[in-house]
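Please look at the sequence and the structure shown below.

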Amino acid sequence: MTFVIHNLKYTAKKINLLNKNYFHLKWLTSRSYNVLFFGSDNIALKSFQKVNEFRKKEKIIKRLDLVVTVNALKKGSEIEKYAQEEKIRTVPWPLVNVNKGEYDLGLIVAFGHLIKDDVLEKFPLGMVNVHPSLLPRWRGAAPIIHTLLHGDKVTGVSLMKIKANVFDVGEIIEQRKVAVPKDIKLPELTDQLSEIGADMLVNCLRSLPTSLEKALPQRNEGVTYAKKINKNISRVSWSDMSAKEVYNLYRAIYGIYPLTTTFRDKPMKLFNAFLQDMEEMAQYHVPKGTLEYCDKNNALRVVCKDRRYIYFKSLRILGKKEISAIDFYNGYIKNVPIDKRKYVVC
């Protein structure tokens, strides 16, 4: 009889432990979270929209608010307009009036401000950042631009936990690789990576907090930095850059700055670039930077450092409107004797 009672006690303890585990698991999988989203431009908009749609379809996110900066308020950014349409509350940056624990988790996409200890400590589950590169490659402000600028054939998206007081060094939650097509330009690659990043963010939210617990430190090898660019990057140095490098620059800054050079002491902008036959090379007596009209392609072409050509379908000289290559030929080249056609851009 005593033996049976002993077993009953053991069974009761086991059942009690299982019940505790069950309720603990239920809390992990069914609890809803308060989430604060940090994002200030159109790259962040895709993620914000998908997170909001996820909030409406599933019950994991109880509250979703948006952090807005002073600049975003002045410009009336698309992400803020979307928040207004969806009746989502906006919170001004810096987070002066946000209390510790008011939100469980912070989400960051293209925010551009350093997260310090006092901000990170407000979020019990921490903060998650979507970064459009395969970290630790291209830490910094302009990862997609540098991916194209350096001719990377593979890129991707990293979902990482924020580490206070430093950019892009947090633990990796998930990474996805993406092949980079040879002719893709900045807007198209940005859209593609933004879509992938948004899906990764939703997947992370769906499996909270387990997704955060599985994060791993970044590698120490292969660290590179994607510093912020300015318009000076658009000026082409024909003597120092190969045709491929010029084309990569064109793809990297497309939609931000056009390539620039100088023609007859006047600034000139170059548009609609392409590469043709990389085996075709200029003769050695032709100076680097020489501009010619190519009848076969109906384009202007310029000799680069490797003596190969890059082509342009249109251009604009300072003070003039944009014109096609054939119009440039008719206006600046056609009536000049062949032996005097020595146009060098610099």
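Two residues are in contact when heavy atoms of theirs lie within 4.5 Å. The model is a predicted one, in which local features need pLDDT of at least 70 and side-chain atom pairs count only at pLDDT 80 or more, while totals for chains, interfaces and linings use all residues. Residues are numbered from 1 along each chain as its sequence is written, and side-chain values use heavy atoms, with hydrogens and water left out.

With contact defined, consider Arg-251. Leaving aside residues up to four places away in sequence, Arg-251 touches Leu-148, Gly-151, Val-180, Pro-181, Lys-182, Asp-183, Ile-184, Lys-185 and Leu-186. Arg-251 belongs to helix α9, residues 243-253. Helices (H or I, at least four residues) and strands (E, at least two) are DSSP runs numbered from the N terminus.

Two further terms are needed here. A residue is buried under 20% relative accessible area, exposed over 50% and partly exposed in between, with a 1.4 Å probe and protein chains only. A salt bridge is a side-chain nitrogen of Lys or Arg within 4 Å of a carboxyl oxygen of Asp or Glu. Lys and Arg count as positive and Asp and Glu as negative, whereas His and the chain ends are not counted. Arg-251 is buried but has no salt bridge, and the nearest side chain of opposite charge, that of Asp-183, is 5.9 Å away. Asp-183 does form a salt bridge with Lys-182, with the closest N and O atoms 2.9 Å apart. Asp-183 is partly exposed at 39% relative accessible area, and Lys-182 is exposed at 57%.

How many salt bridges does the rule give? The count comes to 17. In one of them, the side chains of Asp-199 and Lys-50 meet at 2.6 Å, N to O. Asp-199 lies in helix α7 and Lys-50 in helix α2, 149 residues apart, and the pair thus links distant parts of the chain. Lys-50 and Asp-199 also belong to a network of salt bridges with Lys-46 and Glu-195.

The buried residues of α2 are Ala-44, Leu-45, Ser-47, Phe-48, Val-51, Asn-52 and Phe-54. These buried residues pack against β1 (33-38), β2 (61-68), α4 (78-85), β4 (105-109) and α7.

Attention now turns to strand β5. Five of the five residues of β5 (residues 127-131) are buried, so this strand is largely enclosed by the rest of the structure. In a regular strand the side chains alternate between the two faces of the sheet. In β5, Met-127, Asn-129 and His-131 are buried on one side, and Val-128 and Val-130 on the other.

Strands pair if DSSP finds at least two bridges between them. β4 and β5 pair in the parallel sense over four bridges, and Val-109 stands opposite Val-130 in β5. β5 and strand β7 (residues 154-161) pair in the antiparallel sense, also over four bridges. Lys-161 in β7 is the bridge partner of Val-128. The side chain of Lys-161 also meets that of Glu-171 in a salt bridge of 3.7 Å, N to O.
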